Amino acid sequence: MCSSLFLQQEFHDGEILVEVAWCHSGDPLRNNDLEYLGLAHCMQYALRSNLVRFCFQVDTMLVAKQVNKEWACHNVALQPLLEAIWSHMCRLRDRDAEIV
């Protein structure tokens with residue numbers, strides 16, 4: 001078990017692709033937990049960059065729908081992460097970033 005975040009930048013057709021691999025030590029985490037953590041870290045990375053167009057992709061429909069406020073998040077442990085993600089999205093949009 002490990003506790004690290006790996007970000008890899010690649011260029012494809014003039015765009016930077018960032019791949020994330022998340023590994024966590026401690027209590028076992030489920031797939032959705034890891035997706036929320038990875039997405040939050042990607043958004044923090046985006047906020048530190050000077051890029052203006054972002055495409056965030058997740059593996060599960062549940063996370064995508066919750067992040068886009070189409071479905072409620074009933075998992076109390078994930079709600080602070082979801083709120084952080086929404087805050088990051090607002091900060092990105094405040095600087096006229098395009099999120100697709």
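This is a short tour of one predicted chain, stop by stop.

Before selecting anything, note that local features need pLDDT of at least 70 and side-chain atom pairs count only at pLDDT 80 or more, while totals for chains, interfaces and linings use all residues. Residues are numbered from 1 along each chain as its sequence is written, and side-chain values use heavy atoms, with hydrogens and water left out.

Start with the cartoon view. Three helices and four strands make up the count for this chain, in the order β-β-α-β-α-α-β along the sequence. Helices here are DSSP runs of H or I with at least four residues, and strands are runs of E with at least two, numbered from the N terminus.

Next, show the surface. Of the chain's 100 residues, 28% count as buried, meaning under 20% relative accessible area, where over 50% is exposed and anything in between is partly exposed.

Now select Lys69 and Trp86. The charged end of Lys69 sits over the ring of Trp86, 4.6 Å from its centre. The rule asks for NZ of Lys or CZ of Arg within 6 Å of the ring centre and within 35 degrees of the ring normal.

Last, select Cys73 and Cys90. Cys73 is buried, at 10% relative accessibility, and Cys90 is partly exposed, at 46%. The structure holds zero disulfides, a disulfide being a pair of cysteine sulfur atoms within 2.5 Å.

Technical notes
Buried < 20%, exposed > 50% of the residue type's maximum accessible area, 1.4 Å probe, protein only.
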